[in-house]
Amino acid sequence: MKQVVLILLVLVTIPMFSESSKKKKTKSKPVPIENKLIDYTEFKRIVNRSEGERETHRLTEDQFLKLMSEEGVVLLDARSENRFHLLHIKGAKNLPFTEFTKETLAEVIPEKKTKILIYCNNNFEGNQEAFAAKSPAASLNLSTYNSLKAYGYESIYELGPLLDVKKTVLPLVSDSPAP
């Protein structure tokens with residue numbers, strides 16, 4: 001008798017588990033929420049397309065310094081205005097990443113073919129206040145590079161290494177009054 005009850009119990013519960021697993025498998029995908037001003041597919045395309053190029057456009061400290069002296073080059077600092085004023089590379093133009101629009105970028109970099117040099121918080125150590133490190137995957141260089149690509153800029157170069165603010169040959173200056 002116990003065996004019959006056990007068999008019946010198994011026969012009753014198997015379809016329940018089977019039905020439960022079918023429900024999990026047939027979950028429908030969420031319906032996308034339309035917004036013509038947000039295009040994640042294009043964002044991924046830009047990131048994927050620029051991956052190989054970006055690596056060939058990462059520069060050593062000496063290469064970066066040499067390119068800074070070329071005529072027409074724009075040295076762009078996309079950090080916050082406050083951090084920029086604390087310490088930045090001499091000659092850099094500040095346009096905080098949060099202020100990137102077609103119009104603001106055109107004011108700083110009028111020509112799409114202009115050679116642009118970028119750097120960020122994650123390129124410098126030794127002054128946490130001016131160069132507060134971000135999570136490596138959230139490095140401002142990554143966002144800046146891909147956003148400039150999204151706006152049609154063609155010639156972007158990035159400072160590659162992590163440099164000590166006290167040892168770098170790059171000319172760092174402050175706009176803040178000394179304490």
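Me: Which strands belong to what covers the buried residues of helix H3?

Reply: In this predicted model, the cover over the buried residues of H3 includes strand E1 (58-59), strand E2 (74-77) and strand E3 (88-89), together with strand E5 (115-119), strand E7 (155-159) and strand E8 (163-164).

Me: How should I read the word "buried", and which residues of H3 are buried?

Reply: A residue is called buried when its relative accessible area is under 20%, and exposed when that area is over 50%. In H3, which spans residues 61-68, the buried residues are Glu-61, Phe-64, Leu-67 and Met-68. Seen down the axis of the helix, these residues fall within an arc of 130°, so they line one face of H3.

Me: Which exposed residues does H3 carry on the face turned away from its buried side?

Reply: Asp-62 and Lys-66 are the exposed residues on that face of H3.

Me: What share of the residues in the protein chain counts as buried?

Reply: The protein chain has 179 residues, and 33% of them count as buried. Its secondary structure comes to six helices and nine strands.

Me: How is the length of a helix judged, and what span does helix H2 reach?

Reply: The span from the first C-alpha to the last is set against the span expected at 1.5 Å a residue. H2 (residues 40-56) has 17 residues and reaches 25 Å, close to the expected 24 Å.

Me: Where is the kink in H2 centred?

Reply: The kink, of about 45°, is centred on Ser-50. Ser-50 is also one of the buried residues of H2, along with Ile-46 and Arg-54. Among the elements that cover the buried residues of H2 are E1, helix H6 (140-150) and E7.

Me: What does the side chain of Asp-39 reach at the start of H2?

Reply: A side-chain oxygen of Asp-39 comes to within 3.3 Å of the backbone nitrogen of Thr-41.

Me: How many bridges join E2 and E4?

Reply: E2 and E4 pair in the parallel sense over two bridges. Asp-77 stands opposite Asn-94 in E4.

Me: What share of the contacts with a separation of 6 or more comes from residues 24 or more positions apart?

Reply: In the protein chain, such residues account for 72% of those contacts.

Key
Residues are numbered from 1 along each chain as its sequence is written. This is a predicted model: local features need pLDDT of at least 70, side-chain atom pairs count only at pLDDT 80 or more; totals for chains, interfaces and linings use all residues. Side-chain values use heavy atoms; hydrogens and water are left out. Buried means under 20% relative accessible area, exposed over 50%, partly exposed in between (1.4 Å probe, protein chains only). Helices (H or I, at least four residues) and strands (E, at least two) are DSSP runs, numbered from the N terminus. The arc is that of the directions from the helix axis to the C-beta atoms. Contact means heavy atoms within 4.5 Å. The expected span of a helix is 1.5 Å times one less than its number of residues. The bend at a residue is the angle between axes fitted to the seven residues ending there and the seven starting there. A polar contact is a pair of N or O atoms within 3.5 Å; within protein, one must be able to donate a hydrogen and the other to accept it, and residues adjacent in sequence count only if both atoms are side-chain atoms. Two strands pair if DSSP finds at least two bridges between them.
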